[in-house]
Amino acid sequence: MAMVSPQAIQILKNELPLEQENLLLSGDAKTGLVLVDIVNGFCTVGSGNLAPRAPDTQIGGMVDEAVKLAREFCEKKWPIYAFLDSHHPDVPEPPYPPHCISGTDESKLVPSLQWLENEPNVTIRCKDCIDGFIGSLEKDGSNVFVDWVKSHGIKVILVVGICTDVCVLDFVCSALSARNRGLLSPLEDVVVYSRGCATFDLPVNVARNIKGALPHPQELMHHVGLYMAKGRGAKVISEVVFGV
């Protein structure tokens, strides 16, 4: 399978350097965890058009990190907001093929996170678009995510999920714009956890045989997604540390 060479990826990373920080969570600043689309249709092997075809190290690692964080947040009774990609079968989302159809297993949390549905500190939001901020809008103009931030007095959101350069990035950019306009008070920081995010792999030789598809080398696009998020004002971290 043709892929971007490690040397080429390293050259690009050298041209787009990404300094990462650590995040210490002590409870002093009210922190909320945002889980983006950690559903079967994107993460569980063979679970639909956009699911991995074989076990994927980056996606598996992301799920593991998300589970660890979710357990910590639930033990501390800190707020969690979980997006589930969920589409009506008659409403396409170009350029993507049908995926995560509402009511199917594809649109459900991965098995290792399904317990979240019964946790009192968790808000679950089904979304029918890439950008979860837009997907949190109600018909009356209110926004469930904005209300979640305000009602919990959240100062920091810690974002994990899939895909780093698609749904995660779009949500992060919208949240940052809303924060900058004063729409998300008291939110101060949007933090993206690099090991808690993942994206998909579509090598150029495979994409060439799919009409309209763009090549999508996984490691490179994961880096680009993180780089773009930082460029918009997010903090990108490589480790989460829980203090006393």
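**A close look at the rings**

Reply: Let's start with Lys76, whose charged end sits over the ring of Trp78, 5.6 Å from the ring's centre. Here "over a ring" means that NZ of Lys or CZ of Arg is within 6 Å of the ring centre and within 35 degrees of the ring normal. Arg71 also meets this rule: Arg71 lies over the face of Trp115, with 4.2 Å to the ring centre.

Before we go on, keep in mind that this is a predicted model, in which local features need pLDDT of at least 70 and side-chain atom pairs count only at pLDDT 80 or more, while totals for chains, interfaces and linings use all residues. Residues are numbered from 1 along each chain as its sequence is written, and side-chain values use heavy atoms, with hydrogens and water left out.

Now for rings that meet other rings. Two rings of Phe, Tyr or Trp (its six-membered ring) make a pair if their centres lie within 6.5 Å; planes under 30 degrees apart are stacked, over 60 edge-to-face, and the rest tilted. This rule gives ten aromatic pairs. One of them joins Tyr81 and Phe83, with 5.0 Å from centre to centre and 75 degrees between the planes, an edge-to-face arrangement.

Ser136 counts as buried because its relative accessibility is 0%. From the C-alpha atom of Ser136 to that of Val146, ten residues away along the chain, the separation is 8.3 Å.

Finally, step back to the whole chain. You can find eight helices and seven strands in it; these are DSSP runs numbered from the N terminus (helices H or I, at least four residues; strands E, at least two). Of the 244 residues, 47% are buried. The C-alpha trace spans about 50 × 45 × 35 Å along its principal axes. The radius of gyration is 17 Å, which agrees with a compact globule, because 244 residues packed that way would come out near 18 Å. That radius is taken over C-alpha atoms, and the globule rule is 2.2 Å times the number of residues to the power 0.38.

Notes
Buried means under 20% relative accessible area, exposed over 50%, partly exposed in between (1.4 Å probe, protein chains only).
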